[in-house]
Amino acid sequence: MSTAGASADPLAALGALPSVADSVESVRKAVDRVYGHRIMRRRSNAITSEAALRGARGSAALSGADWALEEVRRRTDFSGDDEARTVGAALRLTAEAGQLLSIWRQSPLRVLARLHLVAAADKADQVGRPRQEGEPVDEPLVGLPLPSADEAHGRLDGLAGLIIAGGSAPALVTAAVVHGELLALRPFTSHNGLVARTAERIVLVGSGLDPKSVCAAEVGHAELGRDAYLEALGGYVSGTPEGVAAWIAHCGRAVELGARESMAVCEALQRGAA
C-alpha cells in the first residue's frame, strides 16, 4: 500500500508529519466542541440519527446522486433509478456501520465484504467479495488507473494487517488511509466509494474519536466538493509524503465540517427546546 515503508508502524509515521499533526489537533478540538454541547447530554440519539441521514446524503452525492436533504428524508422507495438506488445504498450502509464496529478490528476484510453486500443489495456472484481479474469495475466518477485484481488483493491484505495489528496512529490518519486505499484499489466491482466512506466512519467511531457518530465526514467531503475530493485522492495515490499528508488534511477538514453541521443541529434543537 502507499504507506508502506521501513517503519514498523507506517501510519504512526504519517501522524508525526507536522501538517498531519496540525490536522489531528484541529479535528480533536472540533469534535470536542460538539460533545461539549449541552444538547449532547440530553438528546445525543437525535444528533446521531440526524448525522447518519446527512452523512448518507453526502456520500451519495459524491457517488453521483446529489439529492436535497429533505428529498432523502421524505423518500421511502429507493428502487426507481440509478440515483435512487445509490441513495438507498448509502442509507443502508450508514445503518449497517454501527453493527460492524466490534468486528472491524478482528476481521476488516469480512466487514468490507459485508458492506459491499449491503450496498449492492443483490445476490450476484460478484457481490460481497473482492473482484477477480478481468471483472469490470463500475466506478465512473473515479478516473484513476485501476490496479490489477492481484495487486488489489495484496494491498487489501496489507491494509487488514495494519488494522488488526493496531498501533499508535491517530484515528484521523487511520481513517483517511483506509478511505484512500479503498478508493485507490476499488476492490469491488461496484459501490467502492460508498464502501470507502463507510469504512472511514467505522474507524472514526470505533477508535473513540467520535463514539456517538455525530461528526459525519461524508457531510464535509460533499461540502468540499467532488473536484477537491478527487484532487486530494490523487495526492494519496501518488504515494508522496506531501500527497498523502494533503489527503489526510482533506479528510480532517471533512470531519471538521461534519462536526460543524452537527453543532448547527444542536443549536437548532436547543432553540426549539427554549
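What is the mean pLDDT of the protein, and what percentage of its residues reach 70 or more? In this predicted model, the mean pLDDT is 94, and 96% of the residues reach 70 or more. Residues 1-6 have a pLDDT below 50, and this stretch makes 17 contacts in the model beyond near neighbours in sequence.

The overall architecture is considered next. The protein has 13 helices and zero strands, so that, read from the N terminus on, its elements run α-α-α-α-α-α-α-α-α-α-α-α-α. The radius of gyration is 18 Å, close to the 19 Å that the globule rule gives for 274 residues, and the protein is therefore as compact as a globular protein of that length. Along the principal axes, the C-alpha trace spans about 60 × 45 × 35 Å.

Two helix pairs illustrate the packing. On the side of helix 7, the contact involves Pro108, Leu109 and Leu112, which meet Leu156, Asp157, Ala160, Ile163 and Ile164 in helix 8. The residues of this contact divide into seven nonpolar, no polar and one charged.

In the other pair, the axes of helix 10 (residues 192-206) and helix 11 (residues 217-224) come within 9 Å and cross at roughly 135°, which makes helix 10 oblique to helix 11. Helix 10 contributes Arg197, Glu200, Arg201 and Leu204 to the contact, whereas helix 11 contributes Ala217, Glu218 and His221. By residue class, the contact of helix 10 with helix 11 divides into two nonpolar, one polar and four charged residues.

The side chain of Arg54 is joined to that of Glu50 by a polar contact of 2.7 Å. When residues up to four places away in sequence are not counted, Arg54 touches Leu69, Arg73, Val219, Glu261 and Val265.

Notes. Residues are numbered from 1 along each chain as its sequence is written. This is a predicted model: local features need pLDDT of at least 70, side-chain atom pairs count only at pLDDT 80 or more; totals for chains, interfaces and linings use all residues. Side-chain values use heavy atoms; hydrogens and water are left out. Contact means heavy atoms within 4.5 Å. Helices (H or I, at least four residues) and strands (E, at least two) are DSSP runs, numbered from the N terminus. Ala, Val, Leu, Ile, Met, Phe, Trp, Tyr, Cys and Pro count as nonpolar, Asp, Glu, Lys and Arg as charged, and the others, Gly among them, as polar. pLDDT is the predictor's confidence in each residue, from 0 to 100. A polar contact is a pair of N or O atoms within 3.5 Å; within protein, one must be able to donate a hydrogen and the other to accept it, and residues adjacent in sequence count only if both atoms are side-chain atoms. The radius of gyration is taken over C-alpha atoms; the globule rule is 2.2 Å times the number of residues to the power 0.38. Axes are lines fitted to C-alpha atoms, for helices over the stretch in contact, and angles run from 0 to 180 degrees between N-to-C directions. Angles under 35 degrees count as roughly parallel, over 145 as roughly antiparallel, 65 to 115 as roughly perpendicular and the rest as oblique.
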